[in-house]
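Hi everyone, thanks for coming. I'd like to walk you through one model today, so please have a look at the screen.

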Amino acid sequence: MPEDSRAAGPTVAFEGVTKRYPGGAVAVESVSVTIAAGSFVALVGASGSGKSTLLKTINRLVEPSEGRVLIAGEPVEADDVHQLRRRIGYIFQNVGLFPHLSVAENIAIGLKIDGRKQTVDRVTELLDLVDLPRDFAGRTPDALSGGQRQRVGVARALATEPKLLIMDEPFGALDPVTRDQLGNAIRALHDRLRLTTIMVTHDMAEALLITDRILVMQAGRIVADCTPRGLIAGEGGPQADALVAVPREQARRLRALEADV
Amino acid sequence: MNSPFLDAMARVPDLLAAHVLLAASALVLGLVISLPLAIWSARRPLVARAALGFASLIQTIPSLALLALFYPLLLSLSAMVGGGIPALGFLPSLLALTLYALLPILRNGVTGLTSLDPAIIEAADGVGMTKWQKLLLVEAPLVSPVLMAGIRTAAVWTIGAATLSTTVGQPSLGDMIFAGLQTQNWALVLAGCVTAAGLALTVDALLGVVEHGIAGRKRVRTFMALGVLILGVLLAMAPMLPGKQKSVVVGAKGFSEQYILARLIGHRLERAGYRVTYREGLGSAVVFGALASGDIDVYVDYSGTIWTNEMKRQDVPRRGAIVKGISAWADSRHEIRLLGALGFENAYAFAMQDSKARQLGIRTLDDLVAQAPALSFGSDLEFLERPEWAAVKRAYPLSFKSAQAYNPTFMYRAIESGRADVISAFSSDGRIAAQKLTVLRDPKGAIPGYDAILLIDPEHARDARFINALAPLVGHIPVALMREANYMVDRDKDKASPEEAAKWLEARMAR
């Protein structure tokens with residue numbers, strides 16, 4: 001399916017990307033990797049491994065100290081930063097819904113800042129897309145649950161029909177049931193809209209279950225680059241194996257419990 | 001009904017209008033300055049530290065002192081650019097009050113902006129807002145409730161501090177408070193206070209409606225409250241509309257005799273066809289400069305004051321020589337015309353209660369020197385800082401047990417109650433005779449003469465109509481008459497207003 005490149009999401013390429021902070025701390029160290037058009041990729045690693053920093057160089061919330069990022073062959077700094085960001089859907093853990101705007105206004109904000117007036121139909125469409133009742137349009141964010149809020153965040157990110165979706169721990173603050181539901185919903189959206197999706201997560205099980213390819217980061221470098229199947233088969237190397245061992249062990253114990261019943 | 005309070009309320013409309021315009025201008029200017037500064041400060045911690053530090057520093061300066069500071073500042077600025085900047089009146093008041101309004105707006109603005117949820121800012125950036133879109137669509141609406149609270153504080157402070165602009169010659173509700181305090185007309189003080197407080201409460205309440213309207217997204221209420229505020233300012237501007245005939249300004253310092261003389265001068269100028277306005281309660285260090293720069297057109301000063309304070313002379317020649325010297329100096333240095341002496345003197349006079357002076361055997365300042373360490377001294381607010389006091393101390397080494405400065409009215413109360421044993425009285429004061437005070441003689445002639453002299457600004461120095469209107473005052477106010485007029489205003493019972501005393505004085509002079 002990703003081979004059918006008609007209207008699929010763009011490729012994203014990192015070329016020797018390094019992010020060094022004043023004072024010498026290095027968050028990302030010369031990362032070079034290309035993410036294929038239409039793929040769903042996870043950046044997995046422990047806290048401080050540099051995965052969020054690397055992700056944010058795509059929409060320039062972080063500017064690299066060295067190297068460059070290309071989207072569909074175009075360097076990200078070729079255009080005005082706000083124009084770039086309007087073409088990229090961005091979802092993050094704290095959602096950041098605007099508390100003074102209604103759900104509909106939040107979803108339509110990307111259209112509004114782009115000068116588009118007629119947004120009612122599009123908002124309805126997006127509420128349907130993320131499985132929220134249409135009458136949520138008039139509510140304010142503080143009347144929603146955490147999962148509902150992140151669904152609004154997803155709708156907001158997709159409002160301008162971006163072909164590239166980047167997500168920073170998108171389900172980090174949600175309960176396991178909601179987490180699972182939203183993960184599956186995102187995977188379905190990715191397939192339906194033929195997006196390129198890059199997701200940062202520290203949850204290896206989540207990454208294994210919904211993505212096509214997993215990049216494992218440690219101390220600012222990519223230490224494993226593998227498909228989920230490959231990782232399970234032990235092709236990712238020692239660091240990746242350590243991360244995979246946790247869900248594998250959990251699964252084993254669950255099966256043992258089931259056998260006892 | 002003819003209550004003194006209702007009489008006093010009759011002065012309110014004009015002063016209220018001036019007060020509203022001043023406070024509103026200061027608040028608007030404060031907003032224009034502090035809003036961009038708050039945005040800049042929120043982005044740059046270093047700017048925030050500098051801006052908030054400066055605003056806090058300003059806040060520690062007493063508002064009266066801040067107003068007073070702008071006078072020399074503007075005066076020297078005006079001198080630097082070759083004149084034309086008014087150092088008194090609206091401009092210094094506006095600047096001082098604007099500075100005062102900065103802090104609450106700035107502090108709330110910066111606090112509001114820096115304490116916004118970082119996730120919301122990240123989201124605003126993430127969806128691709130430009131800096132302006134972020135400011136207008138996200139930051140401004142989220143900060144505005146906090147900001148409005150700051151604006152309310154600034155409005156209340158500004159309205160309160162605007163009463164002090166009277167001291168730099170800007171009409172405000174303070175005119176009533178200061179004049180009332182001086183002449184012990186409590187109805188006038190009360191009317192001024194009640195109106196100023198009422199104004200502050202009303203504006204605060206309306207801004208409160210705006211604040212809650214913004215927070216609760218109630219557009220109609222917000223705009224209605226803003227509409228009422230704007231309407232109020234427009235109403236206050238109404239008196240400025242009709243044909244702007246240039247008026248002459250009569251100046252007065254802050255005591256009864258000056259209020260009476262200002263009215264006396266004003267009435268004569270009105271009869272000569274001038275439109276007259278008054279700037280009362282000017283500090284004596286400020287008033288001469290105001291005349292020289294044309295902020296006021298005419299006032300009465302006292303020869304000794306000009307001699308020692310403006311001309312910085314330490315010698316003390318005879319009275320006539322001082323007046324002549326001032327006349328020549330004022331003309332050559334400032335093109336100010338000294339029209340003449342009015343005929344009475346209002347000198348500093350050390351006074352004691354008659355009984356006490358006799359009991360201690362004090363008749364002269366020489367006698368006082370030995371007994372001073374056991375006595376307390378009450379002076380008016382400026383005497384202890386004046387060169388006359390230095391001159392007196394050079395001639396008589398006086399060292400009192402304590403020295404306390406009072407508002408003149410309270411100075412006389414202090415000697416009556418025994419809290420002060422010696423006061424720096426004024427020789428034309430009706431209360432010297434009424435309170436049975438003894439004036440101590442000055443055998444060494446340390447205190448210069450204080451003939452009341454009529455001074456006219458450069459613009460009218462050769463204006464025949466102006467001069468002719470005032471010339472009959474020269475030499476025609478004997479000290480007995482002035483004392484009696486002063487006492488009419490200063491006494492505790494059956495008080496007359498300065499206006500009434502001026503009319504009485506006119507009638508007596510005509511005889």
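Before we start, one term: two strands count as paired if DSSP finds at least two bridges between them. And please keep in mind that this is a predicted model.

Let's begin in chain B, with strand β6, which spans residues 376-380. Is this strand mostly covered or mostly uncovered? Mostly covered: of its 5 residues, 4 are buried.

Now for the partners of β6(B). With strand β7 of chain B, residues 402-406, β6(B) pairs in the parallel sense, over 5 bridges. If you'd like one pair to find on the screen, look for B:G378, whose bridge partner in β7(B) is B:Q404. To get from β6(B) to β7(B), the chain passes through helix α17 of chain B, residues 387-395. That β-α-β crossover is right-handed.

β6(B) also pairs with strand β8 of chain B, residues 422-426. The sense is parallel here too, over 2 bridges. Here you can look for B:F377, which stands opposite B:V422 in β8(B).

Let's zoom out to the sheet. In what order do its strands run? The order is β7-β6-β8-β5-β9 in chain B, an open sheet of 5 strands with mixed pairing. At the edges stand β7 and β9 (437-439) of chain B; each has a single partner strand, so one side of each has no neighbour in the sheet. On average, neighbouring strands are turned by 35° against each other, direction ignored.

There is a helix packed on this sheet as well: α18 of chain B, residues 408-417. Helix α18(B) touches β5 (348-353), β6, β7 and β8 of chain B, and its direction makes about 160° with that of β6(B).

Last stop, the place where the two chains meet. Chain A brings 17 residues to the contact and chain B brings 14 residues. On the chain A side, the elements giving two or more residues are α2 (81-86), β6 (88-92) and α4 (109-113) of chain A. Which of them gives the most? That would be α2(A), with 4 residues. Sorted by class, this side of chain A has 7 nonpolar, 7 polar and 3 charged residues.

That's my tour, and I'm happy to take questions.

Terms used
Residues numbered from 1 in each chain as written. Chains lettered and ligands numbered in written order. Predicted model: local features only at pLDDT ≥ 70, side-chain atom pairs only at ≥ 80, totals over all residues. Buried ≥ 20, exposed ≤ 12 C-beta atoms within 10 Å, placed from the backbone. Right-handed = clockwise from strand over helix to strand, strands pointing away. Contact = placed C-beta atoms within 7 Å. Nonpolar A, V, L, I, M, F, W, Y, C, P; charged D, E, K, R; others polar. Axes fitted to C-alpha atoms, helices over the stretch in contact; angles between N-to-C directions.
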